[in-house]
Amino acid sequence: MAGIVGLELVAGRTGVTLLFAFASFVALREFVAPRGDRDGDRALLLICLCVVLPLQYLFVARGALAFYTLFVPLFALLAVPIVTAIACEPRELRELRERTAVVQWGLVLCVWCISHVPALLALEIPGYEGRNAFLLVFFVLVVQSSDVLQYLWGKLAGRRQIAPRLSPSKTVEGMVGGVLSATALGAILAPITPFSLAEAVIISLAITLLGFAGGLVMSAWKRRRGIKDWGTMIRGHGGMLDRLDSICLSAPVFLHVVRVGWGG
């Protein structure tokens with residue numbers, strides 16, 4: 001992921017936005033596709049993929065903060081239940097709440113949350129003009145490296161499972177070792193950010209813990225569906241959403257913390 005983002009940064013803000021729009025497209029299909037066996041479900045998924053998702057990333061590309069922070073949550077909360085109810089057959093109304101929840105969560109996690117990563121490039125930070133790409137690199141490297149380091153620490157020293165029902169492979173030792181190691185990486189990367197060393201440590205710790213929580217949330221959804229991986233897009237690593245689960249909760253928090261704390 002970090003390598004792909006690095007290459008896309010050469011193409012600038014448009015390239016990064018298109019990259020994450022594609023990632024959201026694939027992730028949303030993985031999240032909602034198992035429920036797309038009915039005409040109404042397929043129509044709603046098509047609306048989400050071809051209308052809601054492009055509009056969300058258009059707002060991101062234009063830096064329209066008020067629109068990209070409110071559009072998807074409002075659509076998910078208000079429009080999805082209405083469209084689902086209209087498309088439902090009378091005999092399917094008993095499943096309305098569950099079917100609605102899947103699409104709502106899919107939009108929020110796979111589109112709204114992920115779109116906050118390229119939105120970092122549009123933040124206005126006094127004294128940091130023209131360097132927002134480093135902020136994005138900082139976020140992606142710290143969060144993604146935390147995933148890898150948790151896996152390595154778990155293999156080396158893992159003993160006690162932290163959430164056996166959700167993710168049997170995650171251990172207390174792996175989580176602590178990975179989070180602390182990734183936080184140390186964030187401290188090393190502090191010079192490329194607008195943060196002081198202490199601020200970089202605190203923010204790195206927060207986003208790695210949120211990344212871990214995001215992984216557990218996605219594991220819970222997978223267990224509920226009875227699947228091991230979200231897809232087979234990346235050989236040996238599952239689907240797109242298996243690689244992006246750690247940024248789902250951390251990206252919106254990171255962006256808004258930076259915007260409130262350092263933005264103009």
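Visitor: How many disulfides does a search of the whole structure find?

Guide: This is a predicted model, in which local features need pLDDT of at least 70 and side-chain atom pairs count only at pLDDT 80 or more, while totals for chains, interfaces and linings use all residues. Residues are numbered from 1 along each chain as its sequence is written, and side-chain values use heavy atoms, with hydrogens and water left out. With a disulfide taken as a pair of cysteine sulfur atoms within 2.5 Å, the number found in the whole structure is zero.

Visitor: How far away is the cysteine sulfur nearest to that of C48?

Guide: C48 is buried, its relative accessible area being 1%, where buried means under 20% relative accessible area, exposed over 50% and partly exposed in between, with a 1.4 Å probe and protein chains only. C48 takes part in no disulfide, and the nearest cysteine sulfur, which belongs to C50, lies at a distance of 9.7 Å.

Visitor: Which cysteine has the sulfur nearest to that of C113?

Guide: C113 is also without a disulfide, and the nearest cysteine sulfur is 5.8 Å away, in C248. C113 is itself buried, with a relative accessible area of 4%. The residue asked for, as the one with the nearest cysteine sulfur, is therefore C248.

Visitor: In what order do the elements of the protein run from the N terminus on?

Guide: Helices (H or I, at least four residues) and strands (E, at least two) are DSSP runs, numbered from the N terminus. The protein has nine helices and zero strands. Read from the N terminus on, the order is α-α-α-α-α-α-α-α-α.

Visitor: What percentage of contacts between residues at least 6 apart in sequence join residues at least 24 apart?

Guide: The protein has 264 residues, of which 47% count as buried. A contact here means heavy atoms within 4.5 Å. Among contacts between residues at least 6 apart in sequence, the share that joins residues at least 24 apart is 70%.

Visitor: At what angle do α7 and α8 pack?

Guide: Helix α7 covers residues 172-188 and helix α8 covers residues 197-225, and their axes, lines fitted to C-alpha atoms over the stretch in contact, are 8 Å apart. Angles run from 0 to 180 degrees between N-to-C directions, and for this pair the angle is about 145°.

Visitor: How many charged residues are in the contact of α6 with α7?

Guide: α6 and α7 pack at an angle of about 145°, with axes 7 Å apart, and the crossing in which α6 passes α7 is right-handed. Among the residues in contact are L141, S145 and W153 of α6 and E173, G177 and S181 of α7. The contact divides into 10 nonpolar residues, nine polar and, for the charged class, one.

Visitor: Which helices are included in what covers the buried residues of α7?

Guide: The buried residues of α7 include E173, G178, T183 and A187. What covers the buried residues of α7 includes α6 (132-157) and α8.

Visitor: How far apart in space are T100 and V80, C-alpha to C-alpha?

Guide: T100 has its place in helix α5 (residues 96-119) and counts as buried, at 7% relative accessibility. Leaving aside neighbours within four places in sequence, T100 is in contact with V80, P81 and T84. T100 and V80 are 20 residues apart in sequence, and their C-alpha separation is 6.5 Å.

Notes:
Left-handed = near helix turned anticlockwise from the far one by under 90°. Nonpolar A, V, L, I, M, F, W, Y, C, P; charged D, E, K, R; others polar.
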